[in-house]
Amino acid sequence: MDKSAEKKPGTLYVVATPIGNLEDITLRALRILREVGLIAAEDTRHTRILLNAHGIGTPLLSLHEHNEKERSTRILAKIRDGMSVAYVSDAGTPCISDPGHHLVRAALDERIAVVPVPGACALAAALSAGGFPADAFFFCGFLPAKENKRRRYLETLRHVETTLVFYESPVRIIAALKDVCEILGDREMVMARELTKVFEEIARGKISEILPVLSATKPRGEFTVLLEQAQRAAVSLTEDDFREMLRQLCDEQSLSLRDAVARVAGQTGLPRKQVYDAALKIRRIPNP
Ligand code: SAM
């Protein structure tokens, strides 16, 4: 890059690359990838395709989750020596459910300048066209692969009152959606598959409507899932759920039954009367 800056440390650029369509890369990203001395890439063969498509011949070095520590040391030595380096993952924004965190942290610890070069990101693309509120959202990354862990994790999301977003592999998408439906209720969802690619599909509907379609053929491709926020979803609560929610609100937080019912109705999206009738039945307490 700049010859006069040879003695000064270089910069680490964290560069977003396409999530499918090779045109989804910014002019600035292309310039940086052309100008740096080295591109560290999650998979050099994969990145070479992108670089060839844009006529960029910068040398590549692999940096993935299994060699991130060792390679980070090598890369930081080059940056200290004056070379600027770009890091790219296979697709989208590095560090978002992708390697890169260790490299970025190590660079920051050495007071090396870390500059983001933003661009494609599957969760942002899905949210932008999904139709659910995205002023705030909860990104879960990949749900745990093991069923027990996944179900326990989903329990913790029951009352998150924003749109939920998660990544999932085609191998686990059906099992994951079945668990989601059982634990979080039959919510409205958006299934964003193969965004920006030839077979892009954005399906909208209840989980119970999308699951059978998905199960009819072997799921293929990359999936990003959006789920409707909790308070607007018709969460199906068991008697035990009700009892536990009311016990916590009345006994631990000292709320009156009326206030507890309002809170539960707000959290679940269920009609207040339905919650109130159920509460009376469960707790067998007179009208306040
Ligand atoms: N860093 C990437 C980003 O910025 O979105 C995410 C990398 S993560 C390893 C890969 C996961 O992202 C896929 O399994 C899928 O869940 C989601 N994903 C990536 N590309 C996608 C696409 N084109 N359409 C839908 N989801 C995608």
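## Aspartate 179 and its surroundings

Aspartate 179 touches Glu147, Arg150, Arg151, Leu154 and Leu184, not counting residues up to four places away in sequence; contact means heavy atoms within 4.5 Å. Aspartate 179 is found in helix α7, residues 173-184. Helices (H or I, at least four residues) and strands (E, at least two) are DSSP runs, numbered from the N terminus. With a relative accessible area of 5%, aspartate 179 is buried. Buried means under 20% relative accessible area, exposed over 50%, and partly exposed in between, with a 1.4 Å probe and protein chains only.

The side chains of aspartate 179 and arginine 150 are joined by a polar contact of 2.9 Å. A polar contact is a pair of N or O atoms within 3.5 Å; within protein, one must be able to donate a hydrogen and the other to accept it, and residues adjacent in sequence count only if both atoms are side-chain atoms.

## Basis of the model

This is a predicted model, in which local features need pLDDT of at least 70 and side-chain atom pairs count only at pLDDT 80 or more, while totals for chains, interfaces and linings use all residues. Residues are numbered from 1 along each chain as its sequence is written, and side-chain values use heavy atoms, with hydrogens and water left out.

## The chain as a whole

The chain has eleven helices and ten strands. Of its 288 residues, 47% are buried. Among contacts between residues at least 6 apart in sequence, 68% join residues at least 24 apart. The chain exposes about 15,200 Å², of which carbon and sulfur atoms supply 52%; accessible areas come from the Shrake-Rupley method with a 1.4 Å probe, and for residues only the protein chains shown count as cover.

## The ligand site

The ligand is surrounded by 19 residues, the closest being Asp98, Ala122, Tyr167, Phe223 and Thr224. A residue is near a molecule if one of its heavy atoms lies within 4 Å of it. Strands β7 (163-168) and β10 (223-227) each supply at least two residues of this shell.

A polar backbone atom of isoleucine 96 is 2.9 Å from a nitrogen atom of the ligand, and a backbone N or O atom of alanine 122 lies 2.8 Å from a ligand oxygen atom. For glutamate 194, a backbone N or O atom lies 3.5 Å from a nitrogen atom of the ligand. The protein covers 91% of the 570 Å² of accessible area that the ligand has on its own.

## Two residues with positive phi

Most residues other than glycine have a negative phi. Glutamate 194, although not a glycine, has a positive phi of about 55°. Glutamate 194 is placed in the loop between β8 (188-193) and β9 (201-206) and is buried, with a relative accessible area of 14%.

Cysteine 95 also has a positive phi, near 80°. Its place is in the loop between β4 (85-88) and α4 (101-109), and at 32% relative accessibility cysteine 95 counts as partly exposed.

## A helix residue and a loop residue

Arginine 71 lies in helix α3, residues 68-80, and is buried at a relative accessible area of 17%. Leaving aside neighbours within four places in sequence, arginine 71 is in contact with Leu61, Ser62 and Leu63.

Glycine 55 lies in the loop between α2 (44-53) and β3 (60-62). Glycine 55 is exposed, with a relative accessible area of 60%. The C-alpha atoms of glycine 55 and leucine 30 are separated by 9.6 Å, and these residues are 25 apart along the chain.
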